[in-house]
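Please look at the model below from one end of the chain to the other. The paragraphs that follow lead through its helices, its surface and the contacts between its side chains.

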Amino acid sequence: MFRRTFWFTAGAAAGVWATTKVNRKLKQLTPESLAARTADKAVEAGHRLKDFALDIKSGMAQREAELNDVLGIDGSEPRELPAQRRLVALETPSQQHKKQQHQHTKHSYDRNEDH
């Protein structure tokens, strides 16, 4: 008699346990639950990315200070940017030659002119 009662109780407990497990899993797989977990993961990833960017920024500032010390650059006085290069210096010699020839002519060589 006690065996039957024990096995009946063990079976009922296993059934309740299994039903509870299945119901929890089903609740975790609902669209609302999945959306909430995904949003939490996205927020967490955003915080990690922000921390990473701040670490990089502080490392860049530290390295810039080290380089300024090594090069003897004092950050107290502002420096001016170098003057802009002339476009002519960037052109190839053939482009410069064509430009000079075009400057010496009086008339345009556009064949689509009406006069």
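Helices (H or I, at least four residues) and strands (E, at least two) are DSSP runs, numbered from the N terminus. This is a predicted model, in which local features need pLDDT of at least 70 and side-chain atom pairs count only at pLDDT 80 or more, whereas totals for chains, interfaces and linings use all residues. Residues are numbered from 1 along each chain as its sequence is written, and side-chain values use heavy atoms, with hydrogens and water left out.

The chain has 3 helices and 0 strands. Read from the N terminus on, its elements follow the order α-α-α. Helix α1 covers 2-28, and helix α2 covers residues 31-71.

How much of the chain counts as buried? The word buried means under 20% relative accessible area, while exposed means over 50% and partly exposed lies in between (1.4 Å probe, protein chains only). Of the 115 residues of the chain, 1% count as buried. Accessible areas come from the Shrake-Rupley method with a 1.4 Å probe, and for residues only the protein chains shown count as cover. The accessible surface of the chain is about 11900 Å², and 59% of this surface belongs to carbon and sulfur atoms.

Charged side chains are considered next. Side chains of opposite charge can pair when their charged atoms come close. A salt bridge is a side-chain nitrogen of Lys or Arg within 4 Å of a carboxyl oxygen of Asp or Glu. The structure holds 2 salt bridges. In one of them, Glu44 is joined to Arg48, and the closest N and O atoms are 2.7 Å apart. These two residues are separated by about one helical turn, because Glu44 and Arg48 are 4 residues apart in helix α2. Glu44 is partly exposed at 36% relative accessibility, whereas Arg48 is exposed at 58%. Another salt bridge links Arg63 and Glu66, at 3.2 Å from N to O. Here too the separation is about one helical turn, because Arg63 and Glu66 are 3 residues apart in helix α2. Arg63 is partly exposed, with 46% relative accessibility, and Glu66 is partly exposed, with 35%.

Which residues gather in a patch of positive charge on the surface? Patches are made of residues with over 30% relative accessible area and no salt bridge; like charges are joined within 9 Å, and nonpolar side chains (Val, Leu, Ile, Met, Phe, Trp, Tyr) within 5 Å. Lys and Arg count as positive and Asp and Glu as negative, while His and the chain ends are not counted. The place of a charge is taken as NZ of Lys, CZ of Arg, CG of Asp or CD of Glu. The positive patch consists of Lys21, Arg24, Lys25, Arg37 and Lys41. Both α1 and α2 supply at least two residues each, and the largest share, 3 residues, comes from α1. Lys21 lies in helix α1 and is partly exposed, with a relative accessible area of 45%.

The surface also carries a nonpolar patch, formed by Leu49, Phe52, Ile56 and Met60, with about 440 Å² of accessible area together. Phe52 belongs to helix α2.

Finally, the structure holds 1 aromatic pair. Phe6 and Trp7 form this pair, which is edge-to-face, with 5.1 Å from centre to centre and 75° between the planes. Rings of Phe, Tyr and Trp (its six-membered ring) pair if their centres lie within 6.5 Å; planes under 30 degrees apart count as stacked, over 60 as edge-to-face and the rest as tilted. Phe6 is exposed, with a relative accessible area of 52%, and Trp7 is exposed at 60%.
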